[in-house]
Amino acid sequence: MRAVFDDPNLLPNVGLAPLLALAGAAGLPGLLGAARPAGPCGANAAAKAMCLVAGMAAGADSIDDMDLLRDGAMETVFGGIRAPSTLGSFLRAFTWGNVRQLDRAHRGLTTALAAGPRLLPGREALAFIDVDSTQERVYGYQKEGAGFGHAKVQGKSLLLKGLNPLISVISTPLAAQVLGPVRLRGGTTGSARGAAGLVAEAIGTAREAGCAGKVIVRFDSAFYNSAVIRTVIRHKAHFSVTVPVNSSVRAAIAAIPGNAWTAIRYPQAVWDGQLGCWVSDAEVAEASYTAFTSKPKKEQVTARLIVRRVRARNEKAAHGQDELFPAYRHHAVLTDSPFEMIQSEGQHRDHAIVEQVIADLNAGPLAHLPSGHFGANGAWLVLAAMAHNLLRAAGTRAGTRYARARTATVRRDLIAMPARIARHGRGNLVLHLPAGHHREQAWQNLWTEACGPPARAA
């Protein structure tokens, strides 16, 4: 057996063909053409940005990885492919204003992809926007904007040197998460910095994408901020934010009557058929609460304080030191949600889905922030969000298995499909894919949706 790299007609990532067809139908090349950096490196901006999006969708997590677009017959099938060095120079030409132009293109792409019924089903009734920040670790001394910020690693809060992306995620109870506006910030930035502006953009994007019903914006305690919450209210959406348990919150919790607590279905809860209720160590109650009372009255927010209490473990019970009275850990949520108490509390806990999106990005394009230039990394983040949404749209068209799958799964099963090209007549290319492939039907579903019915085998 021998291995020879000598076939110019092989394609390693033929799934990029229907993916880029989806991008073309959504008008992405035209949107990207408006984000043109100044100078010679900004020439042919649409083609270069499309190369970056395609490379990220195929698994590239650095500028050098964009070389995967030049394997085999990729240039023959797609055309206009640029070298990694050219793409790196293009990224380094980006200023903050150019990144904002990319933001607008990303918003247009998200709106166009959501025009069909599959990407965000159920958005006419209810949609969620989750906002969170993460610390992307970097190394070396030449990354503009890098600094030490807090990040959780295996449940521990650590100071890590990195850059701080702020992301928003749009979803529905029936749909997987789609990335809304994203923003790159310096590594020492606090979580809530710039969040009010991003929230306004995220709500606008969701409305443009067809979220005409109730919109609930969810945050963790880092975004417990009067300006952020008032922005949500001003844009006619609902908010749900974790409240740090301070003295005033403790006083509000202590004032809740003992008979107001309701057991909820929680991990390790047991259904009692005789009582007709859940037997659980978690209970929920609510009260009215006015937040930010140290600020002027117009900046204060009065809403529902929904409290979940979980019975604290007695670590010394095994040593014979039983508790004199039950002790609880309290988790408070401030919300103006129109849903009833137990449903609102459960919906807020689902804010954790934003961590899945961050994990998806870290397993793909955000494994690295590849440039020393802050503007280049800001552009890289927005292009990564575009690639994520395109993969999500491709998954919804391939079948139910991929509609809610991780983008890494979509990339592995649908994008990284091998093929061989053959020419039948002048200018007529035929893609020959592996016979009996275990994902054949899903790939054909995607191809049919994006490019029309596949041709019969020659």
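**Exercise 1. The largest pocket**

Task: In this predicted model, find the volume of the largest pocket and work out which elements line it.

Solution: 
- Start with the volume. The largest pocket holds about 740 Å³.
- Next, take the lining. It is made of 26 residues. Ser133, Thr134, His150, Ala151 and Lys152 lie nearest the centre of the pocket.
- Now assign elements. Those giving two or more residues to the lining are strands S2 (126-133), S3 (136-137), S4 (147-153) and S5 (156-172), together with helix H11 (353-362).
- S4 gives the largest share, six residues.
- The lining has 13 polar, seven nonpolar and six charged residues.

**Exercise 2. The buried side of H5**

Task: List the buried residues of helix H5 (residues 84-92), then say what they pack against.

Solution: 
- Pick out the buried residues. In H5 they are Pro84, Leu87, Gly88, Phe90 and Leu91.
- Look down the axis. These residues cover an arc of only 160 degrees, so they sit on the same side of H5.
- Recall the helix rule. With 3.6 residues a turn in an α-helix, residues three or four places apart point the same way.
- Find the partners. The buried residues of H5 pack against helix H3 (45-57) and helix H12 (374-398).

**Exercise 3. The surroundings of Ser226**

Task: Decide whether Ser226 is buried or exposed, and identify what its side chain meets.

Solution: 
- Locate the residue. Ser226 belongs to helix H8 (residues 226-234).
- Check accessibility. The cut-off for buried is under 20%. Ser226 has 3% relative accessibility, so it counts as buried.
- List the contacts. Leaving out residues up to four places away in sequence, Ser226 touches Phe292, Lys295 and Glu299.
- Look for polar atoms. A polar atom of the Ser226 side chain lies 2.7 Å from the backbone oxygen of Glu299.

**Exercise 4. Two positive phi angles**

Task: Examine the phi of Asn44 and of Phe292, and place each residue in the chain.

Solution: 
- Most residues other than glycine have a negative phi.
- Take Asn44. Its phi is positive, about 55 degrees, although it is not a glycine. Asn44 lies in the loop between helix H2 (28-33) and H3. At 48% relative accessibility, it counts as partly exposed.
- Take Phe292. Its phi is also positive, about 65 degrees, and it is not a glycine either. Phe292 lies in the loop between strand S12 (282-291) and strand S13 (301-311).
- Check its burial. Phe292 has 12% relative accessibility, so it counts as buried.
- Link back to Exercise 3. Phe292 is one of the residues that Ser226 touches.

Key
Residues numbered from 1 in each chain as written. Predicted model: local features only at pLDDT ≥ 70, side-chain atom pairs only at ≥ 80, totals over all residues. Heavy atoms only, no water. Buried < 20%, exposed > 50% of the residue type's maximum accessible area, 1.4 Å probe, protein only. Helix = DSSP H or I, 4+ residues; strand = E, 2+ residues; numbered from the N terminus. Arc of directions from axis to C-beta. Contact = heavy atoms within 4.5 Å. Polar contact = N/O pair within 3.5 Å; in protein donor to acceptor, adjacent residues only side chain to side chain. 1 Å grid on protein atoms, 1.4 Å probe; cavity = no way out; pocket = protein on both sides within 12 Å on 5 of 7 lines; lining within 4 Å. Points joined across faces, edges and corners; volume = space filled by probe spheres on them. Nonpolar A, V, L, I, M, F, W, Y, C, P; charged D, E, K, R; others polar.
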